[in-house]
Amino acid sequence: MALLQRCMRLLPRKMQTRFVQHTQSRKVYNSDVVEENQPVTNIYSHLLQQRIICIMSPISDEIAGSVIAQILHLQAANTKQTIHMYINCAGGRVSSTLGIYDTMQFVGNPIATWCVGQATDMGSLLLSAGTTGMRHALPHSRITLTQPVSGLSGQASDVEIQAEEISRILNQVNNIYAKQTGRSLEEIEDAMQRHKFMDAETAKDFGIIDKVLEFPEKNTNK
């Protein structure tokens, strides 16, 4: 750091400003893994110190890598304390989501999931993957079950191979939903034929979540 500061002093002022702006623009939300007692650099780092992980976008390889790293970091810091995962997710890559799911099942910590806004497609799978009794949704959340989307292209033989892989992945996802919700595989397969939109209470009845949160009373005393 001292060497970097000395080099910065040698740069013209305009170049120093551009360097700082470029460095700040590369800060991606949810990507900082911090140790306890380290200075907090952004709101997501502060939440991570409180053992809170946020998934606030569709799940990409980059998002999945960040979430997995944070889960493992929190497990290493304390192997018994609860990890909280807040989800407002419109879906994403199946393989990336399954990487997060496997990590959630691998660690010994209880994991509480909280739906704020929506949990669609792969977002609903992660919502259901929380520890039983610790899966929550706010009253106006929307939870949706859909089949994983994947386009088919290429030669006939390639299309056949892709179709077999899609069928395998769909069966894998259906089995996870069946395990997490306590419903039969046939019920899940039927629900996944079309988009199944659920409000929080319906998702509770279906087995995706365990509890619909109530709004606390506001303290109006001045």
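I looked up E187 to begin with: at 37% relative accessibility it is partly exposed (between buried, under 20% relative accessible area, and exposed, over 50%; 1.4 Å probe, protein chains only). R183, its partner in a salt bridge with closest N and O atoms 3.0 Å apart, is partly exposed too, at 27%. I count a salt bridge when a side-chain nitrogen of Lys or Arg lies within 4 Å of a carboxyl oxygen of Asp or Glu.

Note on the source: this is a predicted model, where local features need pLDDT of at least 70 and side-chain atom pairs pLDDT 80 or more, while totals for chains, interfaces and linings use all residues. Numbering runs from 1 along each chain as its sequence is written, and side-chain values use heavy atoms, with hydrogens and water left out.

Next I checked the total, and the structure has four salt bridges. One of them joins R93 and D61 at 3.1 Å, N to O. R93 sits in the loop between β2 and α5, D61 in helix α4, 32 residues apart (helices are DSSP runs of H or I, at least four residues; strands are E, at least two; both numbered from the N terminus).

Last entry: which charged side chain is buried yet has no salt bridge? I found D121, whose nearest side chain of opposite charge, R93, is 11 Å away (Lys and Arg count as positive, Asp and Glu as negative; His and the chain ends are not counted). D121 lies in the loop between β3 and α6.
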